[in-house]
Amino acid sequence: MKRHEIFKHYRCVKFIQLGLLGGITIASFFFLFTNDATRRTIYTNRSLFTLATILWGVLLFSFLWLLYDFTKMQFFIREERALNKAAYLDRVTALPNRNSLDRFFQLNHSSHDMSTLGCVLMSISNLYEINDTLGHDRGDVALQRFSDLLETQAEDSIFVGRNGGNEFLALIEQCDNSAMERFLSSIREAVNSYNTAEQCPVHLDIEYTYTMNSELGATRFSDLVTHTYKKSRKG
């Protein structure tokens with residue numbers, strides 16, 4: 001069972017416990033304050049009064065303990081989200097990282113029609129020059145700016161992520177030549193607009209290679225990506 005499912009079931013159990021505890025508490029106080037004979041009996045009988053005090057103390061302690069459980073549960077949920085973010089999002093760009101890409105391949109291997117999938121491998125070709133001449137801080141700025149451009153231009157049917165180093169991947173669903181050219185054209189225009197802006201912090205030089213699976217006929221995402229990598233190396 002996955003962690004988020006465990007938290008979900010645990011939270012349901014705690015809500016049930018809280019509901020039962022609240023119901024018992026309300027019912028006991030209602031019965032006590034609406035029944036004069038019972039109230040007088042409890043107040044005049046030391047044993048019953050002690051028992052009732054212990055019972056109310058247990059109810060109060062249980063209520064406080066449930067509140068503590070909810071607090072700890074929220075802490076663990078936030079911790080899990082932070083771990084997932086660290087595991088599946090790139091630290092510099094906040095784009096999905098290679099783990100996310102692999103998970104995307106795995107989850108969609110049998111559920112998507114790969115014949116209409118397009119794969120684009122993009123890289124900031126001058127990133128290493130930026131790092132060497134301006135420093136890695138500027139290199140991180142270049143990565144962040146390009147990732148922002150990618151997210152801005154990516155539509156709902158386009159999955160973008162950082163593969164590592166200066167490389168980015170875009171997977172385009174229902175992709176034909178027109179859709180591929182629209183995406184690439186939008187990226188070129190966005191990069192050009194960024195580079196010609198008055199306050200451009202660092203110039204970006206972009207290279208890309210793409211593969212249309214309608215031409216390749218790959219049956220696995222990994223084969224499609226590998227083929228695109230080989231094309232980029234030959235180019």
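Is Phe146 buried or exposed? Phe146 counts as buried, at 0% relative accessibility (buried means under 20% relative accessible area, exposed over 50%, partly exposed in between, with a 1.4 Å probe and protein chains only).

1. A word on the model. It is predicted, with local features needing pLDDT of at least 70 and side-chain atom pairs counting only at pLDDT 80 or more, while totals for chains, interfaces and linings use all residues. Residues are numbered from 1 along each chain as its sequence is written, and side-chain values use heavy atoms, leaving out hydrogens and water.

2. Phe146 has a partner. With ring centres 5.1 Å apart and planes at 75°, Phe146 and Phe168 form an edge-to-face pair (rings of Phe, Tyr and Trp, the last by its six-membered ring, pair if their centres lie within 6.5 Å; planes under 30 degrees apart are stacked, over 60 edge-to-face, the rest tilted). Phe146 lies in helix H6 and Phe168 in strand S3 (residues 167-172), 22 residues apart, so the pair links distant parts of the chain (helices, H or I of at least four residues, and strands, E of at least two, are DSSP runs numbered from the N terminus). Phe168 is buried too, with a relative accessible area of 0%.

3. The structure holds two aromatic pairs. Phe61 and Trp65 are stacked, 6.1 Å centre to centre with 20° between the planes. They sit four residues apart in helix H3 (residues 46-88), so about one helical turn separates them. Phe61 is exposed at 54% relative accessibility, and Trp65 is partly exposed at 48%.
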